[in-house]
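Hi,

Here is the structure I promised to pass on. Have a look at it first, and then read on for what turned up.

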Amino acid sequence: MAISYFDYFGTEEYKINEYSYKKLDEESIFVSTVHGGWVVLSKEEFDIFRFGKLDKRPKLFKELEKNGLIVTGNNKENIVNVFKSRKSFLFNSVNLHIVSPTLRCNHKCVYCHAKSKPMSAKDFDMDEETAKDTVDFIFQSPSNWIGIEFQGGEPLVNFPIVKYIIEYAKKKNKKENKRLSFIAVTNLSLMDHDILKYLIKNNVGLCTSLDGPKELHDKNRKLIGKGSSYDTTVKWIEIIKNEYNYQISALPTTTKFSLDYSKEIVEEYVKQGFDVIRLRELNNAGFAQKLWEKIGYKPEEFLKHWKNVLDYVIELNRKGVDIKENMAVLLTKIFTMRNHPNYTCWGFPCGAALSQCAYDYKGGIYSCDEARSFEIFKIGNVKEHSYKEVFLSPEVGNIISASSGLMTKCSSCVWRPFCGSCLVCNYGQHGNIIGDMSTNNECKIRQGMLEYILKKIISPEERDILIKWSMLSKGI
């Protein structure tokens with residue numbers, strides 16, 4: 001019976017840490033602990049480890065001790081510190097605040113999780129009073145870092161409120177003295193030089209969607225009226241990068257239509273001068289939930305597509321092309337035993353109502369960005385509740401508890417230290433926030449990605465490239 005490292009009191013030479021395992025192939029077994037230590041063992045080594053016969057294998061003993069698979073007087077403190085580091089986000093409070101100044105949009109993207117409204121719709125814009133209340137609520141967070149991210153709809157539809165929030169937050173921060181940052185997630189179709197100059201002057205980060213080459217992008221992301229969404233997007237990417245020498249990132253969302261474009265999507269990102277690509281799988285929420293039979297896919301189909309993309313990016317790296325596939329976030333978690341600070345979805349619990357939350361145009365507060373698809377994830381309103389009332393509420397406690405993985409098969413999964421469960425995806429697929437992990441699409445995708453990544457980093461041929469991505473992603 002595996003025992004916890006907390007039970008070690010030095011009465012024996014070592015104790016076996018609590019662990020899970022999975023056969024990678026006939027010759028190797030992946031073993032991990034809850035604190036994120038891991039090793040790949042042969043069947044013989046695994047038997048020696050689990051049956052406590054390490055006395056005659058000092059080299060294996062040292063390897064297991066180094067990685068925390070066994071607990072000794074030498075590594076007990078380090079194991080506890082690593083676990084504390086992995087879970088430190090539990091005590092940082094919300095620092096990413098996603099604000100939707102409007103629900104209106106001039107696109108009709110097939111997968112929109114925000115369920116955007118047409119440009120002619122009335123009463124879907126945030127007013128100045130709500131914007132002020134939202135900023136006042138945000139600054140109640142005890143976090144020393146405040147990131148405000150503008151989403152929609154299309155945030156540039158209500159650009160005056162975007163400006164108001166930026167200027168009011170900066171004014172408020174003169175007293176609060178927090179690390180304050182802004183980012184605008186925009187389809188770029190309403191961008192002009194005056195707006196761009198304002199955003200650059202205020203150091204607002206820019207992110208857009210680029211789903212691939214023109215025929216794919218325009219199929220996924222339909223511009224209402226005349227014109228091509230792709231043409232407008234790449235036009236402004238070029239202007240922002242070349243004319244203004246300013247940074248912009250992009251993200252491709254994967255639909256069923258994307259599955260035949262693995263290489264072409266990568267080539268589009270290289271063509272547009274991006275050095276990072278991260279495929280975003282489809283959430284079973286918003287418009288995508290209603291159109292799932294048309295635009296959705298099985299986990300195996302997405303994994304095949306993602307593997308093709310990853311392999312092609314590695315191939316381009318060998319040819320000297322500077323681009324990485326951003327599942328290096330997983331490598332960071334695996335190699336450094338730390339969570340990636342900018343990607344809270346891969347964690348137990350996840351970042352919903354812990355590291356991030358979202359605000360709609362009426363001041364409604366949701367546990368995360370994607371959670372705006374379902375009212376079940378609404379946790380308050382800036383006009384009615386204080387920060388303390390919202391984030392110490394039973395509703396938020398339930399969300400955090402449900403995403404801890406302790407109620408599901410996740411608790412014994414070998415990938416648990418590096419993975420996470422999305423309650424929104426669970427609810428979209430199963431109709432409840434816990435879900436059934438045995439049939440959960442997102443679970444299968446994440447397990448498949450982790451296993452594929454792991455097999456590559458234990459292969460000398462590709463390890464150096466992937467480790468380089470990991471180090472670059474952390475700036476170390």
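Predicted model: local features only at pLDDT ≥ 70, side-chain atom pairs only at ≥ 80, totals over all residues.

One term before the findings: a pocket here is an open set of grid points, on a 1 Å grid over the protein atoms alone, with protein on both sides within 12 Å along at least five of seven lines. Its volume is the space filled by probe spheres set on those points.

The stretch to be careful with is residues 1–11, where pLDDT stays under 50. For those residues the model has 25 contacts beyond four places in sequence.

Now the sheet that β4 belongs to. Three strands make an open, antiparallel sheet in the order β2-β3-β4. Because β2 (19–23) and β4 (38–41) stand at the edges with a single partner strand each, one side of each has no neighbour in the sheet. From one strand to the next, the twist averages 20°. β2 and β3 (residues 29–33) form a hairpin, with 5 residues between the two strands. Their antiparallel pairing runs over 5 bridges. If you want to find it on screen, Tyr 19 has Thr 33 as its bridge partner in β3, and Ser 20 has Ser 32. Helix α1 (residues 43–50) lies across β2, β3 and β4, at about 125° to β4.

There is another sheet to look at, with 8 strands. It is open too, has mixed pairing, and goes in the order β12-β10-β9-β8-β6-β15-β16-β17. Its edges are β12 (249–251) and β17 (378–381); each has a single partner strand, so one side of each is left without a neighbour in the sheet. Neighbouring strands in this sheet are turned by 25° against each other on average, ignoring direction.

Let's walk through part of that order. β9 (residues 179–185) pairs with β8 in the parallel sense over 6 bridges, and Trp 145 stands opposite Arg 179 in β9. β8 (residues 145–150) also pairs with β6 (residues 96–99), again parallel, over 4 bridges. There, the bridge partner of Ile 98 in β8 is Glu 149. On to β15 (residues 356–359): 4 bridges join it to β6, and the two run parallel. Leu 96 is bridged to Gln 356 in that pair. Helix α5 (residues 159–176) lies across β6, β8, β9 and β10 (204–209), running at about 170° to β9.

The largest cavity has about 130 Å³ of space in it. Its lining has 14 residues, and Leu 282, Asn 284, Trp 292, Asn 441 and Glu 442 lie nearest the centre. Helices α16 (423–430) and α17 (441–457) each supply at least two residues of that lining, and α17 gives the most, with 3. By class, the cavity lining divides into 6 nonpolar, 5 polar and 3 charged residues.

Most residues other than glycine have a negative phi, and most peptide bonds are trans. Where does this model depart from that?

- Gly 152 to Gly 153 is a cis peptide bond, with omega near 10°. Gly 153 sits in the loop between β8 and α5.
- Phe 348 and Pro 349 are also joined by a cis peptide bond, and omega there is about -10°. Pro 349 is in the loop between α13 and β15.
- Lys 115 is not a glycine, yet its phi is positive, at about 55°. You'll find Lys 115 in the loop between β7 (107–109) and α4 (128–138).

Happy browsing!

Definitions and conventions:
Residues numbered from 1 in each chain as written. Heavy atoms only, no water. Pairing = 2+ DSSP bridges. Axes fitted to C-alpha atoms, helices over the stretch in contact; angles between N-to-C directions. Contact = heavy atoms within 4.5 Å. 1 Å grid on protein atoms, 1.4 Å probe; cavity = no way out; pocket = protein on both sides within 12 Å on 5 of 7 lines; lining within 4 Å. Nonpolar A, V, L, I, M, F, W, Y, C, P; charged D, E, K, R; others polar. pLDDT = per-residue confidence, 0-100.
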